[in-house]
Amino acid sequence: MVSTNQAIAPEPSAPTQIMLQVSDLNVYYGESHILRTVDLSVPIGQMVCLIGRNGVGKTTLLKTIMGLLKPRTGTISLAGESITEKSPDRRAKLGIGYVPQGREIIPRLTVKENLLLGLEARRDRTRNQEIPEEIFTLFPVLKSMLSRMGGDLSGGQQQQLAIARALMGKPRLLVLDEPTEGIQPSIILEIEAAVRRIVESTGISVLLVEQHLHFVRQADRYYAMQKGGIVASGATSELSNEVIQRFLAV
Ligand SMILES: Nc1ncnc2c1ncn2[C@@H]1O[C@H](COP(=O)(O)OP(=O)(O)OP(=O)(O)O)[C@@H](O)[C@H]1O
Ligand SMILES: [Mg+2]
């Protein structure tokens with residue numbers, strides 16, 4: 001992988017071809033069995049999309065990967081290192097950037113302050129408070145809005161800010177939960193182009209939950225979830241109409 005985007009490119013990873021490996025994961029909310037023996041992997045430098053209808057467990061899986069939920073069984077590893085027992089904060093420092101469903105930018109901080117919060121996740125503890133130009137190449141709209149309050153941005157702009165903030169932490173793996181939910185179509189196209197560009201120009205790996213077929217097709221591979229289990233997977237170039245109709249709300 002040629003890295004052309006030094007300021008936000010991740011540090012080199014351990015010698016494994018797999019960025020994220022999830023094995024035999026079972027997760028409960030109380031006595032409700034939500035995730036059922038889930039196996040999933042994200043190869044280094046690839047974009048993987050998790051699809052499935054409402055309420056099947058997609059967000060639950062991402063929260064478990066982030067350490068916000070504790071699995072009853074199973075293991076999670078990042079670039080060959082087990083993170084199953086690590087706190088959410090450690091996982092962020094080890095290189096997972098997470099953009100939760102609903103974004104969660106801070107409305108009463110400016111765009112610039114929101115972006116600088118992303119530095120917290122950096123392992124190299126940089127003192128440099130500059131925002132790399134690559135962030136504005138990916139999301140040009142943010143440049144003219146640095147001193148605006150986060151809460152004054154449109155939904156699409158807030159989503160771009162949330163992704164940009166995650167990139168400020170120099171992640172090795174970017175985890176995005178429905179980044180286009182409730183966003184107007186023209187902005188969806190901008191966001192999906194930016195995510196694809198992140199994968200191609202930085203080598204960052206991406207795990208994405210998404211419902212828009214056009215965006216799903218930007219991914220290299222997909223996993224389809226039903227009732228908390230993975231029921232289909234493969235290359236997105238081979239996504240059949242049957243899979244699309246069963247697992248996407250199109
Ligand atoms: N905090 C919680 N306590 C109990 N059950 C929950 C909780 N959060 C989610 N659930 C249940 O777990 C199941 C999976 O929810 P999850 O949010 O993971 O689904 P999802 O696939 O992300 O759905 P969506 O497409 O609507 O975002 C659902 O049945 C949901 O009702
Ligand atoms: Mg969800």
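In which helix is Leu 117 found? In this predicted model, in which local features need pLDDT of at least 70, side-chain atom pairs count only at pLDDT 80 or more and totals for chains, interfaces and linings use all residues, Leu 117 is found in helix H3. Residues are numbered from 1 along each chain as its sequence is written, chains are lettered from A and ligands numbered from 1 in the order in which they are written, and side-chain values use heavy atoms, with hydrogens and water left out.

Helices (H or I, at least four residues) and strands (E, at least two) are DSSP runs numbered from the N terminus. Leu 117 counts as partly exposed at 35% relative accessibility; buried denotes under 20% relative accessible area, exposed over 50%, and partly exposed the range in between (1.4 Å probe, protein chains only). Contact is defined by heavy atoms within 4.5 Å. Apart from neighbours within four places in sequence, Leu 117 is in contact with Ile 106, Leu 109 and Arg 165. The C-alpha atoms of Leu 117 and Met 168 are 8.2 Å apart, with a sequence separation of 51 residues.

The shell around ligand 1 comprises Tyr 29, Ile 34, Arg 53, Asn 54, Gly 55, Val 56, Gly 57, Lys 58, Thr 59, Thr 60, Gln 101 and Glu 178, a residue being near a molecule if one of its heavy atoms lies within 4 Å of it. By class, this shell has three nonpolar, six polar and three charged residues; Ala, Val, Leu, Ile, Met, Phe, Trp, Tyr, Cys and Pro count as nonpolar, Asp, Glu, Lys and Arg as charged, and the others, Gly among them, as polar. Helix H1 (residues 58–66) gives the most to the shell, with three residues.

Oxygen atoms of ligand 1 lie 2.5 Å from a polar side-chain atom of Thr 60, 2.8 Å from a backbone N or O atom of Gly 55 and 3.1 Å from a polar side-chain atom of Asn 54. The protein covers 58% of the 640 Å² of accessible area that ligand 1 has on its own, as given by the Shrake-Rupley method with a 1.4 Å probe.

The magnesium ion (ligand 2) is coordinated by Thr 59 (OG1) and Gln 101 (OE1) at 2.0 to 2.3 Å. Because Thr 59 lies in helix H1 and Gln 101 in the loop between strand S6 (96–99) and helix H3 (111–117), the pair ties together parts that are 42 residues apart in sequence. Donors are N, O and S atoms within 2.8 Å of the metal (3.2 Å for Na, K and Ca), and water is not among the atoms, so sites may look incomplete. Gln 101 is partly exposed, with a relative accessible area of 28%.

Seven of the nine residues of H1 are buried, and the helix is therefore largely enclosed by the rest of the structure. The buried residues are Lys 58, Thr 60, Leu 61, Leu 62, Thr 64, Ile 65 and Met 66. Just after H1, Gly 67 takes a positive phi of about 90 degrees. Gly 57 lies in the loop between strand S3 (47–51) and H1 and is buried, with a relative accessible area of 7%. Apart from neighbours within four places in sequence, Gly 57 is in contact with Ile 34, Leu 35 and Met 225.

Gln 211 occupies the loop between strand S8 (205–209) and helix H7 (213–216) and counts as buried at 11% relative accessibility. The side chain of Gln 211 reaches the backbone oxygen of Gly 52 at 3.1 Å.

Definitions and conventions
A polar contact is a pair of N or O atoms within 3.5 Å; within protein, one must be able to donate a hydrogen and the other to accept it, and residues adjacent in sequence count only if both atoms are side-chain atoms.
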